[in-house]
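Dear colleague,

I am handing over the structure we spoke about, together with some notes on what came out of it. Please look at the sequence and the coordinates first, and then read on.

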Amino acid sequence: MSFARPGGALLAALLAAAPAMAQAPHQHGHGTVNIAIERDRVVIELHAPGADIVGFERAPQNDTEKQALARAIEALQRPLTLVDLPAAARCAVDEAVVAAEGMNDGAPEGAHAEFEAAWMLRCADTGALRTFDFAPLFARFARVEEFDVTVVTARGPSTYEVDRDHPTVDRGGTFWRWMTGR
Ligand SMILES: [Zn+2]
């Protein structure tokens, strides 16, 4: 699915320039995150296999699975409890949209299914966004192993990989170089 993107034209262009999001069949354990930063706005798009988030990839078949699905969606609607951002950035959630693709009744059997989330944030100081720490997300979803992360700004994309041992995207000095033009 494609999300409505209420951000500016540049944000939309930035996201469009990011590598194609994971298309089914995905690899279990592996998810994709695209982050676009423009002025005071940050858009984070996350794709993760259903197997990683709830342990199944079809419509829930009993109350336990229905609850697991509902709880996962609820968790994915609260991005700041899943990704730690530097406090100095002072980010707040504008909107969080979550879809469980292929997990509705009538979804084809035997197909992959995945969660997609779009998180629209507004930050008082995006210059302070030197790190994105996914440790809480790994803690919340025990089957997630790894994310390929792309951070896109007007200067282009940078790619990272986070896993349980290294859960933090550290944008380090390069961000400051472009912020300061040095
Ligand atoms: Zn799958």
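A59 counts as partly exposed, because 17 other C-beta atoms lie within 10 Å, whereas 20 or more would be needed for it to be buried. Please bear in mind throughout that this is a predicted model. A59 sits in the loop between α2 (50-53) and α3, and, leaving out residues up to four places away in sequence, A59 touches M103, N104, D105 and A107. The C-alpha atoms of A59 and G102 are separated by 7.3 Å, although these two residues are 43 residues apart along the chain.

**Overall layout**

The protein contains 5 helices and 8 strands, and, read from the N terminus, its elements follow the order α-β-β-α-α-β-β-β-α-β-β-β-α. Of its 182 residues, 33% count as buried.

**β2 and its two partners**

The pairing of β1 with β2 is antiparallel and runs over 7 bridges, and within it E38 has R41 of β2 as its bridge partner. The hairpin formed by β1 and β2 has 2 residues between the strands, and R39 takes a positive phi near 50° there. The pairing of β2 with β4 is likewise antiparallel, over 9 bridges, and here R41 stands opposite R122 in β4, so that R41 has a place in the description of both pairings.

In soluble globular proteins, nonpolar side chains tend to be buried together. In this model the largest nonpolar core has 40 residues, and those with the most contacts inside it are I35, V42, I44, F115, F134, L137 and V149. At least two residues of this core come from each of β1 (30-38), β2 (41-49), α3 (63-76), β3 (91-101), β4 (114-123), α4 (135-140) and β6 (146-153), and β4 gives the most, with 7 residues. As for L137, its contacts beyond the neighbours within four places in sequence are with L82, V83 and V144.

With best regards

Technical notes. Residues are numbered from 1 along each chain as its sequence is written. This is a predicted model: local features need pLDDT of at least 70, side-chain atom pairs count only at pLDDT 80 or more; totals for chains, interfaces and linings use all residues. A nonpolar core is a set of buried Ala, Val, Leu, Ile, Met, Phe, Trp, Tyr and Cys residues joined through C-beta atoms within 7 Å. A residue is buried if 20 or more other C-beta atoms lie within 10 Å of its own, exposed if 12 or fewer, and partly exposed in between; C-beta atoms are placed from the backbone. Helices (H or I, at least four residues) and strands (E, at least two) are DSSP runs, numbered from the N terminus. Two residues are in contact if their C-beta atoms, placed from the backbone, lie within 7 Å. Two strands pair if DSSP finds at least two bridges between them.
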